Amino acid sequence: MDQATALVALSDKDLEITRATKRLDELPEKQAILDLRHKMREIEALSAKAATYVAQLEAAQRRAEDEIATIAAKIAAEQTKVDSGAISNHKELQSLSREIDSLSRQKDKRENELLTQMEKLEAGKAQAEKIASTVEKARAKEAQLIAQFQKVGGDLQADIEKLKKQRVSLAKVLDTELLQRYESLRAAKHGLGVGILKGSMCSACRIDLPSERVMALTDGGPIGECPSCHRLLVVHQGDRT
Ligand SMILES: [Zn+2]
């Protein structure tokens, strides 16, 4: 196959791949997967927040429990002094008793606060579990959508794979320099890197070229450049190169 024919075939193949990929991307199942993934990111962020909240509440609960244990130990120590009978001074006993009362009130207060914290923690845990189950359900739904997409898009994907293989064979026919030029033009010019001279018109930009330009092109090699869009312009196909 000559360079010009291979170039036109490669360009046609690339357009086919682009169209098939677009069809695949536009399948409703694909959009549904993308939408779901967007929602999943939001839910996962929420889940991370809930986990942090629960961890903070757990730490606060441990601190409160430690504090209550410390107060209880103080009370027990004071009570031991009272019970030992070693203190006979009435004033000292009274003062100890007041101290025990004060500590007991502190302990009651802390215990009430702890109860409130525990309720908050339970609510937080329930919320976190609810979010986790939502994440799980969303993952199951995603797997289901992917299976559906693969079923519907499977044929299309197989077509694209086949086209890509054919593309590789065509690309091998082209000289390295020509292929590189084609690739960079394709990237720069919305996926279309080659035009064909049809009469006096470039098939890519559809501009009617002045006759002296057309003459210069037809007198030149099989592959020129469109003076208007600067894409590669195939002038003759089937020439021996
Ligand atoms: Zn052109």
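Is histidine 230 buried, exposed or partly exposed, and how many other C-beta atoms lie within 10 Å? Histidine 230 is partly exposed, because 15 other C-beta atoms lie within 10 Å; a residue is termed buried if 20 or more other C-beta atoms lie within 10 Å of its own, exposed if 12 or fewer, and partly exposed in between, with C-beta atoms placed from the backbone. The structure is a predicted model, in which local features need pLDDT of at least 70 and side-chain atom pairs count only at pLDDT 80 or more, whereas totals for chains, interfaces and linings use all residues. Residues are numbered from 1 along each chain as its sequence is written.

The chain contains five helices and four strands, which follow one another from the N terminus in the order α-α-α-α-β-β-α-β-β. Helices (H or I, at least four residues) and strands (E, at least two) are DSSP runs, numbered from the N terminus. The C-alpha trace spans about 125 × 35 × 30 Å along its principal axes. Of the 241 residues, 10% are buried. Two residues are regarded as in contact if their C-beta atoms, placed from the backbone, lie within 7 Å. Among contacts between residues at least 6 apart in sequence, 73% join residues at least 24 apart.

The domain assignment divides the chain into domain 1 (3–174) and domain 2 (177–234), the bounds being taken from an automatic or database domain assignment. The C-alpha centres of the two domains lie 56 Å apart. Contact between them involves nine residues of domain 1 and twelve residues of domain 2. On the side of domain 1 that touches domain 2, helix H1 (residues 3–25) gives the most, with seven residues. That side of domain 1 is made up of five nonpolar residues, three polar and one charged, where Ala, Val, Leu, Ile, Met, Phe, Trp, Tyr, Cys and Pro count as nonpolar, Asp, Glu, Lys and Arg as charged, and the others, Gly among them, as polar.

Helix H1 comprises 23 residues and reaches 32 Å from its first C-alpha to its last, close to the 33 Å expected at 1.5 Å a residue; the expected span is 1.5 Å times one less than the number of residues. Ala4, Ala6, Leu7, Leu10, Ser11 and Asp14 of H1 are buried. These buried residues pack against helix H3 (90–173), helix H4 (176–188), strand S1 (194–198), strand S3 (223–225) and strand S4 (232–234). Alanine 6, which is found in H1, counts as buried because it has 21 C-beta neighbours inside 10 Å. Apart from neighbours within four places in sequence, alanine 6 is in contact with Met1, Leu170, Val173 and Leu174. Alanine 6 also lies 9.3 Å from lysine 172, C-alpha to C-alpha, although the two are 166 residues apart in sequence.

Helix H3 carries a kink of about 60° centred on glycine 153, the bend at a residue being the angle between axes fitted to the seven residues ending there and the seven starting there. Leu103, Ala128 and Leu170 are buried in H3, and their cover includes H1 and helix H2 (28–84). Arginine 41 lies in H2 and counts as exposed because it has 10 C-beta neighbours inside 10 Å. The C-alpha atoms of arginine 41 and valine 135 are separated by 9.4 Å, the residues being 94 apart along the chain. Serine 88 lies in the loop between H2 and H3 and is exposed, since 7 other C-beta atoms lie within 10 Å. Serine 88 and alanine 73 are 15 residues apart in sequence and 23 Å apart in space, C-alpha to C-alpha.

Backbone geometry was also examined in two loops. Most residues other than glycine have a negative phi. Arginine 206, not a glycine, has a positive phi of about 60°. Arginine 206 is found in the loop between strand S2 (201–202) and helix H5 (211–219) and is exposed, with 11 other C-beta atoms within 10 Å. Histidine 230 has a positive phi near 65° and is found in the loop between S3 and S4.
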